[in-house]
Amino acid sequence: MRRPDFERARILVVGDVMLDRYWFGDVDRISPEAPVPVVRVGRIEERPGGAANVARNTAALGARTWLLSVVGDDEAGRSLQRLTEGGRIGARLYRDATISTTVKLRVLSRQQQLIRIDFEDAPSREVLADKLEEFITLLPDVDVVVLSDYGKGGLAHIASMIEHARAAGKAVLVDPKGDDYSKYRGATVVTPNRAELREVVGRWRDEADLAARAQRLRQELELDALLLTRSEEGMSLFTAEGVTNEPAQAREVYDVSGAGDTVIATLSAVLAVGGAMVDAMRIANVAAGIVVGKLGTAVVTPEELDAALAGKI
Ligand SMILES: Nc1ncnc2c1ncn2[C@@H]1O[C@H](COP(=O)(O)OP(=O)(O)OP(=O)(O)O)[C@@H](O)[C@H]1O
Ligand SMILES: [Mg+2]
């Protein structure tokens, strides 16, 4: 299989952005204030997460990307703006002074996580209404829309966004969260992982039972496709034509976090240039196999994809 040229793909990514922040340091003593270690922070790392990581992935593939989301009017929000904008990404991060930017802060010492501290608030209705307006304005300029739902409240208008996008003839890809998928009705494809699908259709006994449950959900929600990502088991695509399974591609696995973002980003890039859903899944599966073999930068380049695809066939 050949990789399509993603340079002409135009993708709108909407959803919850977050800042993954890491504080590394040494521990030499226990605090005199409480029985806890004292970390002297020596190094800080920051990475864009959630929808921002999806946007980084589509841009790394070569697609022109718009990122639409809400952050707080704070230092973390400015960090996210700085980390995402430029290159192929046009970042439209709305500032909401009433909330703090979603931050996941990990404190680590000697490769061990000591604590994770989360900051998150749901955006206000006024800002979300502005965002919906901007969404409608941006639609004519893109080929596909990715809605990256991390359950932080940034996609309050998701049903309306899907409706507008489909009425404009754009494919809509959704990375879901939660147990109510009715808000995703009419999307082109929804991409749950195993735990996420289990939360909505229950535990399946075997492959036939899984197919029956997945297809029922797909029909109920009027989706063209449901793509189940199955970690080390690869992925399964459910469409009106039936089920297609792809085995996992990874040779070595170092870091699986963010693999789901790479999947939906690659899927959207292939669909944006007119590729078929089954081909999009195969290429996304290869991309995910590359990204889980990397530490740190959770994106895949066209060159890496070419090399992997050439090795495959
Ligand atoms: N342990 C693994 N071995 C091989 N491939 C993997 C592994 N974990 C993930 N992958 C690849 O990545 C894809 C997506 O992984 P997964 O199903 O875990 O998504 P996810 O839970 O949404 O990921 P995340 O939320 O961490 O971004 C899989 O379909 C597979 O191609
Ligand atoms: Mg995921």
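## Helices, strands and a loop residue

Helices here are DSSP runs of H or I with at least four residues, strands are DSSP runs of E with at least two, and both are numbered from the N terminus. Those names place Glu222 in the loop between α6 (207-220) and β11 (225-229). The model is predicted.

Glu222 has a phi near 55°. That is a positive value in a residue other than glycine. How exposed is Glu222? Its relative accessible area is 53%. The cut-off for exposed is over 50%, so Glu222 counts as exposed.

Where is Gln111 found? The answer is the loop between β6 (103-109) and β7 (112-119). Gln111 has a relative accessible area of 78%, so it is exposed.

## The whole chain

The protein chain contains nine helices and 13 strands. Along the principal axes, its C-alpha atoms fill a box of roughly 65 × 45 × 40 Å. The chain has 313 residues, and 51% of them count as buried.

## A buried valine

Val174 belongs to strand β9 (residues 171-175). Is Val174 buried or exposed? Its relative accessibility is 0%. Buried means under 20%, so Val174 counts as buried.

Now pair Val174 with Ile264. They are 90 residues apart in sequence. In space, the C-alpha atoms of Val174 and Ile264 are 8.0 Å apart.

## Around ligand 1

There are 20 residues around ligand 1. Which come nearest? They are Asn193, Thr229, Ser231, Gly260 and Asn285.

Two side chains come first. In Asn193, a side-chain N or O atom is 2.8 Å from an oxygen atom of ligand 1. In Thr229, a side-chain N or O atom is also 2.8 Å from an oxygen atom of ligand 1. Gly260 uses its backbone: an N or O atom there lies 2.8 Å from an oxygen atom of ligand 1. How much of ligand 1 does the protein bury? Taken alone, ligand 1 exposes 630 Å², and the protein buries 83% of that.

## Who builds the shell

Two elements give two or more residues to the shell around ligand 1: α7 (259-272) and α8 (277-291). The largest share, four residues, comes from α7. Sorted by class, the shell has nine nonpolar, eight polar and three charged residues.

## Salt bridges

How many salt bridges are there? The count comes to 24. One of them joins the side chains of Glu46 and Arg21, with N to O at 2.5 Å. Glu46 lies in strand β3 (residues 37-50) and Arg21 in strand β2 (residues 17-30), so the pair ties together parts that are 25 residues apart in sequence. Glu46 has 23% relative accessibility, so it counts as partly exposed. Arg21 has a relative accessible area of 11%, so it is buried.

The side chains of Asp73 and Arg78 also meet in a salt bridge, at 3.5 Å from N to O. How accessible are these partners? Asp73 stands at 45% relative accessibility, so it counts as partly exposed. Arg78 stands at 41%, so it too counts as partly exposed.

Glu233 forms a salt bridge with Arg230, and their closest N and O atoms are 3.2 Å apart. Glu233 is partly exposed, with a relative accessible area of 40%. Arg230 has a relative accessible area of 7%, so it is buried.

Terms used: Residues are numbered from 1 along each chain as its sequence is written. Chains are lettered from A and ligands numbered from 1 in the order in which they are written. This is a predicted model: local features need pLDDT of at least 70, side-chain atom pairs count only at pLDDT 80 or more; totals for chains, interfaces and linings use all residues. Side-chain values use heavy atoms; hydrogens and water are left out. A residue is near a molecule or strand if one of its heavy atoms lies within 4 Å of it. A polar contact is a pair of N or O atoms within 3.5 Å; within protein, one must be able to donate a hydrogen and the other to accept it, and residues adjacent in sequence count only if both atoms are side-chain atoms. Accessible areas come from the Shrake-Rupley method with a 1.4 Å probe; for residues, only the protein chains shown count as cover. Ala, Val, Leu, Ile, Met, Phe, Trp, Tyr, Cys and Pro count as nonpolar, Asp, Glu, Lys and Arg as charged, and the others, Gly among them, as polar. A salt bridge is a side-chain nitrogen of Lys or Arg within 4 Å of a carboxyl oxygen of Asp or Glu. Buried means under 20% relative accessible area, exposed over 50%, partly exposed in between (1.4 Å probe, protein chains only).
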